[in-house]
Amino acid sequence: MSKILLQGGRVIDPAKNIDSQLDVLVENGRISSMGNTLPDLEGTEVIDCRDKLVLPGLIDTHGHVYQGVTGRFGLNPDMCGVHSGVTTLIDQGGPSCITLPGFRQHIVDRAKTRILTYLSAYLVGGLEGHYYPELYRPACLDAEATIKSACSSPDLVRGLKAHAEIGGFARWGVDVMRIASHIGREADLPLYIHFGQLWPKPQDGGLDVNPDCIFNQVVDMLKPGDILAHPFSRHPGGFVELSGKLHPMVSEAVARGLKVDVGHGSHFSFATARIVLDAGVIPDTLGADMHGYNTSVPAPAGTPDSHPDEEDHLFKSKIRFSLVSAMTSMLALGLPLNHVVAMVTQNAARMAGMGDELGTLTVGGVADISVLHDHSGRWALRDNEGTQVTTERLLEPAFCLRAGERFVADSPLLPTFESA
């Protein structure tokens with residue numbers, strides 16, 4: 001029998017409206033009690049959590065962890081997961097209907113992190129579509145096979161991912177998105193749409209696309225509960241028009257029941273975020289969007305040497321980030337702590353269709369718990385446009401419990417910070 005007492009931390013659980021200094025006792029992988037000054041029973045490992053945040057296990061809504069299969073994109077799931085303070089991670093579009101069994105066998109079953117997926121709408125899944133666009137034309141989707149695959153694995157497949165490879169909109173128009181939308185409706189699953197960057201005019205010819213016309217064409221196909229990703233992208237074709245103003249369809253889309261996910265990524269822009277937030281659009285969820293191109297992981301042989309973001313003259317250097325550092329960025333932008341916590345717990349659990357199981361601390365429930373350092377001071381945060389903001393609050397992962405098993409946050413992917 002194993003007992004762990006998390007003592008004296010600030011427990012924040014938006015799903016239960018809890019924000020208080022409490023003890024949390026974990027026994028045999030489950031939360032056995034929560035309260036003020038719980039007794040230190042014999043055989044209990046006591047962990048001092050004073051000055052730390054004790055949260056429901058963090059859920060990263062945008063990961064790329066089909067390691068060894070998706071080229072340079074796929075990272076080690078536990079380096080992005082439990083060793084980064086994250087207990088659940090949703091892989092966005094790594095596996096397809098063809099490769100889902102391998103994803104379960106080689107990634108999900110072996111990881112200590114709970115891994116879910118938004119299944120790719122493409123037969124090839126999340127390969128190097130940036131460089132091989134012919135793999136991502138409409139003929140490379142099989143709606144019926146993807147629907148069948150998604151419905152056969154409801155424990156693992158929690159939604160669909162519509163990729164949007166560079167030049168895709170200019171080459172194929174909305175055909176791919178239309179098929180992906182059909183798959184989502186027939187499988188009764190949410191569809192995750194990537195906005196920004198991925199639809200410039202291809203150099204080898206194609207439609208002459210006005211980036212500002214993309215958003216409304218795609219949104220018109222979507223249903224309530226579908227997810228609009230990357231609202232804070234610095235690239236055109238998304239939430240902010242070329243004029244620098246919020247696209248007029250964004251507020252209407254949110255009113256129609258579509259959700260907004262901050263897939264942070266290397267294209268995150270503080271300036272774009274300021275425009276979107278000042279217009280009153282508050283994202284629902286937060287994903288890190290870490291992959292092999294925006295981390296220091298070496299490129300495997302046979303994959304491209306660079307990412308389009310690295311070829312962009314605005315890309316000064318690789319700004320390292322994680323889910324928890326993305327939480328710090330949200331705080332620096334002025335979002336309240338309780339909403340930021342909800343983005344990676346309660347709201348993320350709903351996005352996974354698991355609001356009754358994840359994203360909250362329940363006595364008798366599985367002990368998925370993330371413990372974060374909550375530092376005060378002054379730090380410089382930067383994005384890849386070269387914009388710098390100063391934050392007086394810095395969150396860093398200390399450790400997490402995944403089903404009661406403790407994991408130190410020692411991933412080499414975690415960022416470091418400079419004093420302002």
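Guide: We can begin with Asp51, which is exposed, with a relative accessible area of 71%. This is a predicted model, in which local features need pLDDT of at least 70 and side-chain atom pairs count only at pLDDT 80 or more, while totals for chains, interfaces and linings use all residues. Residues are numbered from 1 along each chain as its sequence is written, and side-chain values use heavy atoms, with hydrogens and water left out.

Visitor: Why is Asp51 called exposed?

Guide: Exposed means over 50% relative accessible area, buried means under 20%, and partly exposed lies in between (1.4 Å probe, protein chains only). Asp51 has 71%, so it is exposed. Asp51 sits in the loop between β4 (44-48) and β5 (52-56). Its phi is near 70°, a positive value in a residue other than glycine.

Visitor: What makes Asn17 exposed?

Guide: The relative accessible area of Asn17 is 74%, so Asn17 counts as exposed. Asn17 belongs to the loop between β1 (3-13) and β2 (18-27), and its phi, near 55°, is positive in a residue other than glycine.

Visitor: How do you know where helices and strands are?

Guide: They are DSSP runs, numbered from the N terminus: helices are H or I with at least four residues, and strands are E with at least two. The protein has 12 helices and 17 strands.

Visitor: Why is the protein called as compact as a globular protein of its length?

Guide: The radius of gyration is taken over C-alpha atoms, and the globule rule is 2.2 Å times the number of residues to the power 0.38. For 420 residues the rule gives 22 Å, and the protein has 21 Å, close to that value, so the description applies. Along the principal axes, the C-alpha atoms fill a box of roughly 70 × 50 × 45 Å. Of the 420 residues, 60% are buried.

Visitor: What makes Cys97 count as buried?

Guide: Its relative accessibility is 15%, so Cys97 counts as buried. Cys97 is placed in the loop between β7 (86-92) and α2 (100-108). Not counting residues up to four places away in sequence, Cys97 touches Leu119, Leu123, Ala145, Thr146 and Ser149.

Visitor: How do you know how α3 and α5 pack?

Guide: Two packed helices are described by the angle between their axes and the distance between the axes. Axes are lines fitted to C-alpha atoms, for helices over the stretch in contact, and angles run from 0 to 180 degrees between N-to-C directions. Helix α3 (residues 143-152) and helix α5 (residues 175-187) pack at about 35°, with their axes 9 Å apart. The contact is made by residues including Thr146 and Ile147 of α3, and His182 and Ile183 of α5.

Visitor: Why is the crossing of α3 and α5 called right-handed?

Guide: A crossing is right-handed if the near helix is turned clockwise from the far one by less than a right angle, and left-handed if anticlockwise. The crossing of α3 and α5 is of the right-handed kind.

Conventions:
Contact = heavy atoms within 4.5 Å.
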